[in-house]
Every structure is written in C-alpha cells, then in structure tokens.
Amino acid sequence: MMSNHHGKEFLGFVATAPPIFLPERLWEFIASPKVKVDSMGRPREAPYGMRKIEAILQEKGFNAAIIDPDYLGKYLDSMKVLMLSHHDYFGYGPPSSEWWSLTGKEPLNRRSFIKLMNKPEIRKAKEKGVKIIAGGPAAWQWLYEVKKLIEWGVDTVVDGEGEKVVIDLVERALNNDPLPKYVYVGAEDVPSVDEIPIIRGGSVNGLVEIMRGCPRGCKFCSVTLRPLRFIPIDKIVKEIQVNLSAGVKGTILHSEDVLLYHADGVKPRPEPILKLHEEVVKLVGDKGSFAWSHVSLSALKYAEENYKLISRLMHEYLLTESRRFIGVEVGIETGSVRLAKEIMRGKSLPYPIENWPDIVEDAFRIMHENFIIPAATVILGFPGETGDDVVKTIELIERLKDYRSLIVPMFFVPMGSLKKGEWFIREYLKREHVDALLKIYNHSIYWAEDIMKNFYLKSPANLPVRILLKLFIRYAKRQVNKYVGKIEEYIR
C-alpha cells in the first residue's frame, strides 16, 4: 500500500490479485512500485488515512511520522508505538477474496503484509516493549485472524474513523496502561469537520477528501453507517497545496459520491461542484493529473440531464491537451431490479429503483461521451440472489458493451448491515455466475486494450509498464477460458 501505482489508481486493483504469469517481483513492479523516501525513510506519498492520523498526532505534540516499512530497523531504539493501517490486510475484502477463491492463490496484498509482520524488526520491536495498534479500512479483518493478532503481539485494533480515539490510545500505550483489544468507532464517536486535521505530508496520487459518509443506505456498505460531513473548500485547497509542495503533480477528489458535495439530499447542485472544481483546477493546472474517487451513476445522470454539469465540468475545467480523460470508480452491483430493491433501494435516487438498468446505461453513455473512464464494480453472491438475478446482470453488462469502461466482478463480502450474511466463495458458483464472469472479463479485456492504446501510460517513462500490461492482457485472454473450463468442470 506504500505505493502510488505509477500514478494510476486503477493499477492498484492489480495488487489485489495473486501474482500469475509473471514473477512476484515483476507483479509488484506493475501494481505497487516503491515510492520515493527521504534518508529517514519518510515517503513522499503515503495513504491518505495514515496522513490524517499522523497529522492529529503531530498536532497534539507527539513525535509521530509515517515510515516506509523497509526502514523500520532505523527506529528500533526510539520506537514506542508502531501503528499499522491497510486497505485489505488479509485479502478478505473485494476483489481480493474473489481472486483468491477463483485461483486458489493468496493475493499480493495479503502475501506482502504477512511478509512485513514476520520481519525480524517487528519481533525485535515487540521484545523491546513496543505497542502495536492496527487500524484503517480493513481493521475488521483482524476478527478473522485472531491467531495472528496474538502471534504478532498486536495490542489494539481500531475499527472506524480514528482521529478522536487515537490520542487516548497512544497516551495509554506510552504510559504502559492497559489497552482495549478492539475499539469500534460508532457514529457518535466520529470526528466533526473541525476535528478532522489537515494532512502534513503528501498523499498517494494527491488524494484529498471532500466529504465523509453517504446518504444512500446500501445494505452491503459500511460507509452508510457514518454521518454525512462536508469538508470546507479552504481545507481542501490547503491539502492540495500540501501535496503540490511534496511534489505530487495532481489530485484525486475523494468521497463516496463526489457529485453530492453540498448537494440537496441526493440531488447534485451545480454551484458548489463548479466552485470546487474551479478552485482545484487553479492549483493543479492544465498538466496535473485529476480524478474522482467515486461517483454514483444516478447522481451523474441527474447532474447531466438537469444542468449539463458533467459536460461543463469536463470541457470547461478538466479536459486539456495533456489531460485527455479522468478516471472514477462507480458501482453497478447488480442488474436485477428485484435484488436492487432489497439491498440498495437508495442507490437510484432521485430516480425510482425500478429504472436501475436504464440509469446505469444512461450514465455509462454520458461518461463515454465526456471521456470519463469508469472502473465499475459488480457484486455476485448477494444473500437471496437467484439465477434469474444473475441473468439480469448479464443482460445489463451486454447493454454496456459500447461504452469505454473496466468492470470488476466481486464476490459478496459480509459488510455493512449485511455483515451477518454468508461469504460467497467458489463452491457456491452456479452456471449463471460463470456466464457473468466470462461476460465481464471479456468486456474489460476488450476495453483495456482500447484504453492502453489511446489513453493510458503514454509517456516514454511508462513504456516498461505498458509492455508488461500488454503481455498480461494477452495472457489473460488465453487464461480466462481455461479458468472458466476448470470452474465449469468443478460445477459439474
């Protein structure tokens, strides 16, 4: 995770897969090359959530810094508390768990984290009495790895937004006071906007948060359990300036739905969105990279159909001679209206959920016409899913074949209000799931070649990565049918 993925967020998905076809070192080079660090091991770019914790600790007077894991040995004599964060510690999140289930091989992110925790430096730190506190988006995964928690001597796990609780935990650790094994940060314990600090070092690919929480209430998502908060533009601007000062040449505006920044409920308002982009583009300039982390398809459709907001943003602010597209992650999740009503009724708002397939296609057309390249997720194996539900998803993917996009299939992972559900694994695959996987992979391979040819990694410096990715795409084309054949045989 201590990587900027060659400045291309989409390549981070490759780190969720096991190393196949290529040696692990080359796989790591494609997915997660090392970022630049100073002589003390402090990285130029680091995961945004870690930057927030670093900032609040420094603000309160602690001698805290993010350190590249390869430099831990430098701090054995001075370290008192070792804090860990990860997007997917053990590969149980989507899409890592899907790759693992389909191939039988551990994903790269799990393999690399276990290597880190088995390093002699970690063992020596524990022998010296160092306390270990783990947090981040994947904190929940420690509940499935209690043996490793004990084996590695992890003292505390923090599940949720950590800015308010971390100070007390660090003070307890430094005073050798008892620490709770697991801390769950509920909605009443999250920080207010005023309590969220401004980062003090560069974030990976210039990611900057513009809001927290989501009002849509999808049952499979934990973000909807958090209250909605909007970050003021002056704070956003200051964080972009921090990134630019650190040498990060661009920004990613981060939210679960960027177009709902100061929205009227789930209806985008053009004024705050245009003002935000005007301020950001002033700083980033014509040559800096730019992306949105997430938008909802319904908000994008509403914004364009009511205000021409998407085309205005792209052609007045974002598209330049050197910035020919922007990327974003979107959620399709299912093509079944019946299932959508059960698990994500609010995802279509302000449109009725009965129109979900049409909403998805309309939004994909708008993105295609305006040079927005989405990485879209589809989730297979929801609780209560039927074969007909999967067929509806296949039919929707077929409708999207003419729109430039990458679609990432994921197996259901019990999270959010569905956390008591059952994991979806290879053993539960039906014929319809295999057909859906094949349809999705063929769609993504087709458009990946187009994106590579016309948009992605065009600079000479990225030539080695382009060559390796092209080889991987060719290999994937050959292997998809082989894997499908194995799965079909398994089903029979």
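These are my notes on one protein chain, looked up in a predicted model.

**Ground rules.** I number residues from 1 along each chain as its sequence is written. The model is predicted, so I take local features only at pLDDT of at least 70 and side-chain atom pairs only at pLDDT 80 or more, while totals for chains, interfaces and linings use all residues, and side-chain values use heavy atoms, without hydrogens and water.

**Overall.** I began with the secondary structure and found 16 helices and 14 strands in the protein chain. These are DSSP runs (helices H or I, at least four residues; strands E, at least two), numbered from the N terminus. I then looked up the radius of gyration, which is taken over C-alpha atoms. The value is 22 Å, close to the 23 Å that the globule rule gives for 492 residues, so the chain is as compact as a globular protein of that length. The globule rule is 2.2 Å times the number of residues to the power 0.38. The C-alpha trace spans about 60 × 55 × 50 Å along its principal axes.

Of the 492 residues, 58% are buried. I use buried for under 20% relative accessible area, exposed for over 50% and partly exposed in between, with a 1.4 Å probe and protein chains only. For contacts (heavy atoms within 4.5 Å) between residues at least 6 apart in sequence, I note that 78% join residues at least 24 apart.

**Lys52.** I find Lys52 in helix H2, residues 48-59. Its relative accessible area is 5%, so Lys52 is buried. A polar atom of the Lys52 side chain lies 2.5 Å from the backbone oxygen of Pro197. Beyond four places away in sequence, Lys52 touches residues including Glu163, Glu209 and Glu239. Arg212 is also one of the residues that Lys52 touches.

**Glu145.** Glu145 sits in the loop between strand S3 (131-135) and helix H6 (146-152). It is buried at 9% relative accessible area. Its side chain makes a polar contact with the side chain of Arg110 at 3.2 Å. I count a polar contact as a pair of N or O atoms within 3.5 Å; within protein, one must be able to donate a hydrogen and the other to accept it, and residues adjacent in sequence count only if both atoms are side-chain atoms. Leaving aside neighbours within four places in sequence, Glu145 is in contact with Phe90, Tyr92 and Arg110.

**Ala139.** Ala139 is in the loop between S3 and H6. I read 0% relative accessibility for Ala139, so it counts as buried. Leaving out residues up to four places away in sequence, Ala139 touches Tyr89, Val157, Val158, Asp159 and Tyr182. I also checked Ala139 against Val281: they are 142 residues apart along the chain, and their C-alpha atoms are separated by 35 Å.

**Backbone.** I looked for exceptions here, as most residues other than glycine have a negative phi, and most peptide bonds are trans. The bond from Pro94 to Pro95 is cis, with omega near 0°, and Pro95 is in the loop between strand S2 (81-85) and helix H3 (96-103). Leu349 and Pro350 are also joined by a cis peptide bond, with omega about 15°. Pro350 is in the loop between helix H12 (337-343) and helix H13 (356-369).

I noted a positive phi near 55° for Lys308, in the loop between helix H10 (297-307) and helix H11 (309-318). At 51% relative accessibility, Lys308 counts as exposed. For Glu333, phi is positive and near 70°. Glu333 lies in strand S12, residues 326-333, and is buried at 6%.
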